[in-house]
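Hi,

Here is the model I promised to pass on.

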Amino acid sequence: MTIRLSITAFLVAATLLAPIQAVEPDKMIPADAEFVWSVRPKQLLDSALLKSQGWDLALKTLLSANETVQEIMESTGIDPFRDIESLLISSRGQREKGRFVIVARGKFNPAKISKTIEKQGKENGAPVKKFQEEGATLWEMTTPVFPIYAGFIGKEAVIASNVKEDIIECLTGGIRKDPSRELKAALERMTGREAAWMVGLVTDEAKKEMRGPEGIREFAEKVDSWSATIDMTETIALAMNLHAPDGGAANTLRKTIEDRFFPFLKNQSRNRGNEKNEKKLESVLDVVKIETKGSSLSIKAKIDEPLIKKLMEN
């Protein structure tokens, strides 16, 4: 008995002390994706903080009062508070050249959803085409910019994309190629436990098309990729990570934020002459922590219930 207890204790300790392992990239993410966003609605809605503030009830009330939303929920059979486990959005490219894949996982009724899609297409004068290709059943919807394809994986997932090749692969086992080395490195920083997270690559094309003050473009030149996470329990934990080419660039990013960005925010608030808003901004900046580690810059903030009440005061 003593040996069994010792073994059990060892295994429990090993589990608790082991480093958190990054999740493998989702097989629904295209190999050339530049941006990925994931959210777990239930995890957010079930958080203690959200419930204590009554935001879950407020959101349900807001949606129940919207006739269009209620019609969509009734016709598709989707209850966003009950049926959607996770939402994954991947994209690459800019504006009209953009390509995307959207994956909703949970419990769905394909018959009701496809019927709604076909009905909407007919009513809008753009009939929906249903067809099969390479073992996948697709619904093609016409839009002014590009066609959008939709399909189902049993009753567990609904997938939409404007790239036929991508959605066919998603419906027939997943994207064949692994993500790029840069995106994979960014994705590996996620644990899979976050309520919501985003990762993105700052490509040369994106830097060229970036608009705004010269300082913004200079800042972007020092960033290769970025990631952000949101976790909600009794507090809201926010984290933003900027990944630079080297440690020197990361330190430059930190100095830019501390010496230029934060003072700019304070001056903007001060110039508007609203003392209450100025104090609210200072309260937020007080909980912001910035640190560099290697070639990464981390910006973190933890917002608790007292701070939320302070920010919501008139």
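The protein chain has 13 helices and 12 strands; these are DSSP runs numbered from the N terminus, with helices being H or I of at least four residues and strands E of at least two. It is a predicted model, so local features need pLDDT of at least 70 and side-chain atom pairs count only at pLDDT 80 or more, while totals for chains, interfaces and linings use all residues. Residues are numbered from 1 along each chain as its sequence is written, and side-chain values use heavy atoms, with hydrogens and water left out.

Of the 314 residues, 36% count as buried (under 20% relative accessible area; exposed is over 50%, partly exposed in between, with a 1.4 Å probe and protein chains only). Among contacts (heavy atoms within 4.5 Å) with a separation of 6 or more, 60% are between residues 24 or more positions apart.

Now helix 6 (110–123). Just after the helix, Gly125 has a positive phi of about 75 degrees.

Helix 6 also turns up in the lining of the largest pocket, as do helix 5 and strand 3, each with at least two residues. That pocket holds about 1000 Å³ of space. Of its 35 lining residues, Ile72, Thr76, Ile78, Ile113 and Ile117 are the closest to its centre. The lining divides into 24 nonpolar, eight polar and three charged residues; here Gly counts as polar, and Asp, Glu, Lys and Arg as charged.

Ile102 is partly exposed, at 30% relative accessible area. Beyond its neighbours within four places in sequence, Ile102 is in contact with Leu87, Leu88, Ile89, Val158, Ile159 and Ala160.

On the term itself: a pocket is an open set of points on a 1 Å grid where a 1.4 Å probe fits, with protein on both sides within 12 Å along at least five of seven lines, and lining residues have an atom within 4 Å of a point. Volume is the space filled by probe spheres set on the points.

Cheers
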